[in-house]
Amino acid sequence: MRIAVTAQGVDLDSAMDLRFGRCRNFIIVDPESDKFEAFSNESVTASGGAGTQSAQFLANQGVDAVVTGNIGPNASRALEAAGIKVYTMAGGTVRDALQAYKAGKLRTVSGATVDSHHGMGRR
């Protein structure tokens, strides 16, 4: 099992990034061992399609689930197509997200939680 958490930094004590497609980093964790890898999100500056590109990146990494603050419609569809479950959390650190996941305290979502281009500051 591999879980990705959207993050502002590169370790487990980093604050979560509440954006999915335009998050700064993805921290991919094995919840059984707590071993993790940090990846810069190459899609953060994309002119369009950041959510879809981010979803494809996570699928290529073999991720089974993602914890984020918000998810747009295109990213949601791409993650669903890849079989990646989406969990939301209102904030905290990557470690907090991992602990909440392990304790079964996170809410799964099916569908978008925000409109398109939300991470670009448009509402």
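**Salt bridges, a helix face and a buried aspartate**

Arg2 and Glu37 form a salt bridge, with 3.6 Å between their closest N and O atoms; the term stands for a side-chain nitrogen of Lys or Arg within 4 Å of a carboxyl oxygen of Asp or Glu. This pair links distant parts of the chain, 35 residues apart: Arg2 belongs to the segment before β1 (3–7), and Glu37 to strand β3 (residues 36–40). Helices (H or I, at least four residues) and strands (E, at least two) are DSSP runs, numbered from the N terminus. The model is a predicted one, in which local features need pLDDT of at least 70 and side-chain atom pairs count only at pLDDT 80 or more, while totals for chains, interfaces and linings use all residues. Residues are numbered from 1 along each chain as its sequence is written, and side-chain values use heavy atoms, with hydrogens and water left out.

How open are the two partners to their surroundings? Arg2 is partly exposed, at a relative accessible area of 25%, and Glu37 is partly exposed too, at 39%. On this scale, buried means under 20% relative accessible area, exposed means over 50%, and partly exposed is in between (1.4 Å probe, protein chains only).

A search of the whole structure gives four salt bridges. In general, side chains of opposite charge can pair when their charged atoms come close. Another of these pairs is Arg95 with Asp13, whose closest N and O atoms are 2.9 Å apart. Arg95 itself is partly exposed, at 32%.

Helix α3 also has a buried side. Val94, Ala97, Leu98, Ala100 and Tyr101 are buried in α3. These residues line one face of the helix, because they fall within an arc of 165° when seen down its axis; the arc is that of the directions from the helix axis to the C-beta atoms. An α-helix has 3.6 residues a turn, so residues three or four places apart point the same way. The buried residues of α3 pack against β1, β2, β4 (65–68) and β5 (85–88).

Tyr101 gives a closer look at this face. The residue is found in α3, which spans residues 94–102, and counts as buried because its relative accessibility is 18%. Beyond its neighbours within four places in sequence, Tyr101 is in contact (heavy atoms within 4.5 Å) with Met1, Ile3, Pro31, Tyr87 and Leu106. After α3 comes Gly104, with a positive phi near 70°.

Most residues other than glycine have a negative phi. Asp34, a residue other than glycine, has a positive phi, near 65°. Asp34 is placed in the loop between β2 and β3 and is partly exposed, at 31%.

With a relative accessibility of 3%, Asp17 counts as buried, whereas Arg19, at 32%, counts as partly exposed.
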